[in-house]
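The sequence and the model are shown first.

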Amino acid sequence: MQRIVVLTGAGISQESGLQTFRGEDGLWNHERISDICTPEGFARDPLRVDRFYNGLRAELADVQPNAAHRALAHMEECAATGTWDGEILIVTQNIDDLHERAGSRNVVHMHGELMRVRCTSCGATPAWHGDCLPQTPCPHCHRPTLRPDVVWFGEIPYHMARIEAALQACDLFVAIGTSGVVYPAAGFVQLARTHADTMEFNMERSAGTDLFDQTVLGPATKTVPRWVR
Ligand code: BV8
């Protein structure tokens with residue numbers, strides 16, 4: 001039984017038409033991280049942050065999963081049907097739902113999900129498809145205390161215990177389309193390389209490239225299906 005953990009970042013969704021964070025047209029070239037991606041930024045100007053995520057949510061409705069998402073979903077299907085003696089867990093930093101829409105079920109969103117909001121009063125995390133604004137009432141407790149269900153800088157990522165257990169147990173750790181600058185995700189290769197093979201798929205060298213056994217350069221829609229075949 002081969003156990004694979006795949007960490008994905010914004011680069012796997014780039015060819016679906018979603019912006020990455022740090023490329024030449026990256027999201028963080030147009031907005032300051034401190035204004036958008038911190039609890040302090042949200043407390044300062046919740047409307048600005050809500051509008052940022054409302055815009056990403058609207059964009060997501062117009063894009064489709066690509067061949068890289070589908071290749072990973074195919075691996076999970078082969079495991080489920082027994083044509084491959086293995087298991088695959090996708091740990092994604094992405095908040096889009098393209099892995100799920102490609103058919104993957106074993107997906108962990110460590111930075112949260114764009115298609116959910118979280119109530120800071122009752123803790124509910126309802127699915128959310130339209131706009132959410134500071135005065136929008138929570139569908140459960142009816143208080144106007146909803147926020148994007150997203151992990152901002154300085155907040156603790158979701159599902160860390162499950163992720164760390166999977167990293168300890170894996171035989172192969174693969175990173176696809178991540179610049180390797182945001183922790184704790186950027187540190188996963190350090191944890192895995194003590195006992196597992198490590199592979200990276202990217203358009204260019206990342207901050208972590210020297211830590212991987214192998215780096216495959218090129219667009220994920222070409223390189224990942226070739227690897228999965
Ligand atoms: C935490 C929210 C404690 C959702 C995001 C000093 C040292 C070390 C760490 C820290 C430090 N100071 C502060 C920290 C901690 C901090 C951090 O890491 N800061 C960095 C900047 C130094 N981290 C945190 O605060 C985290 N929390 O540490 O809590 C803790 C930890 C563990 C246990 C207990 C307590 C919280 C971090 C989460 C922040 N939230 N986003 C959203 O809005 O999306 S981060 C943001 O960056 C996104 O989530 C994104 O996923 C993430 C990483 O970016 P990438 O996915 O890598 O995207 P990027 O654009 O950077 O790169 C794209 C790559 O794809 C490129 O390499 C490109 O070449 C490639 N590519 C492009 N096109 C393609 C492609 N590859 C293949 N094919 C293509 N077609």
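The model discussed here is predicted. Around the ligand there are 34 residues, and those that come nearest are Phe21, Arg22, Thr178, Ser179 and Tyr183. Sorted by class, this shell holds 18 nonpolar, 12 polar and 4 charged residues.

On the side-chain side, a polar atom of tyrosine 53 is 2.9 Å from a ligand oxygen. The backbone takes part as well: a polar backbone atom of valine 151 is 2.8 Å from a nitrogen atom of the ligand, and a backbone N or O atom of glycine 154 is 2.7 Å from an oxygen atom of the ligand. On its own the ligand has 1500 Å² of accessible area, and the protein covers 76% of that.

The next topic is the sheet. Strands of a sheet pair through backbone hydrogen bonds, in either a parallel or an antiparallel manner. In this model, 6 strands make up an open sheet with parallel pairing, and their order is 3-2-1-6-7-8. Strand 3 (107-109) and strand 8 (214-217) each have a single partner strand, so each is an edge strand with one side left without a neighbour in the sheet. From one strand to the next, the twist averages 20°.

Within this order, strand 1 (residues 2-8) and strand 2 (residues 86-92) run parallel and are joined by 7 bridges. Threonine 8 is placed opposite threonine 92 of strand 2. Helix 5 (residues 67-81) lies across strand 1, strand 2 and strand 6 (172-176). The helix runs at about 145° to strand 2.

Two details of the backbone remain. Most residues other than glycine have a negative phi, and most peptide bonds are trans. Against that background, the peptide bond between tyrosine 183 and proline 184 is cis, with omega about 5°. Proline 184 belongs to the loop between strand 6 and helix 8 (188-192), while Tyr183 is one of the residues that come nearest the ligand. The other detail is histidine 142, which is not a glycine but has a positive phi of about 70°. Histidine 142 is located in the loop between strand 4 (112-119) and strand 5 (146-150).

How values were computed:
Residues are numbered from 1 along each chain as its sequence is written. This is a predicted model: local features need pLDDT of at least 70, side-chain atom pairs count only at pLDDT 80 or more; totals for chains, interfaces and linings use all residues. Side-chain values use heavy atoms; hydrogens and water are left out. A residue is near a molecule or strand if one of its heavy atoms lies within 4 Å of it. A polar contact is a pair of N or O atoms within 3.5 Å; within protein, one must be able to donate a hydrogen and the other to accept it, and residues adjacent in sequence count only if both atoms are side-chain atoms. Accessible areas come from the Shrake-Rupley method with a 1.4 Å probe; for residues, only the protein chains shown count as cover. Ala, Val, Leu, Ile, Met, Phe, Trp, Tyr, Cys and Pro count as nonpolar, Asp, Glu, Lys and Arg as charged, and the others, Gly among them, as polar. Two strands pair if DSSP finds at least two bridges between them. Helices (H or I, at least four residues) and strands (E, at least two) are DSSP runs, numbered from the N terminus. Axes are lines fitted to C-alpha atoms, for helices over the stretch in contact, and angles run from 0 to 180 degrees between N-to-C directions. Contact means heavy atoms within 4.5 Å.
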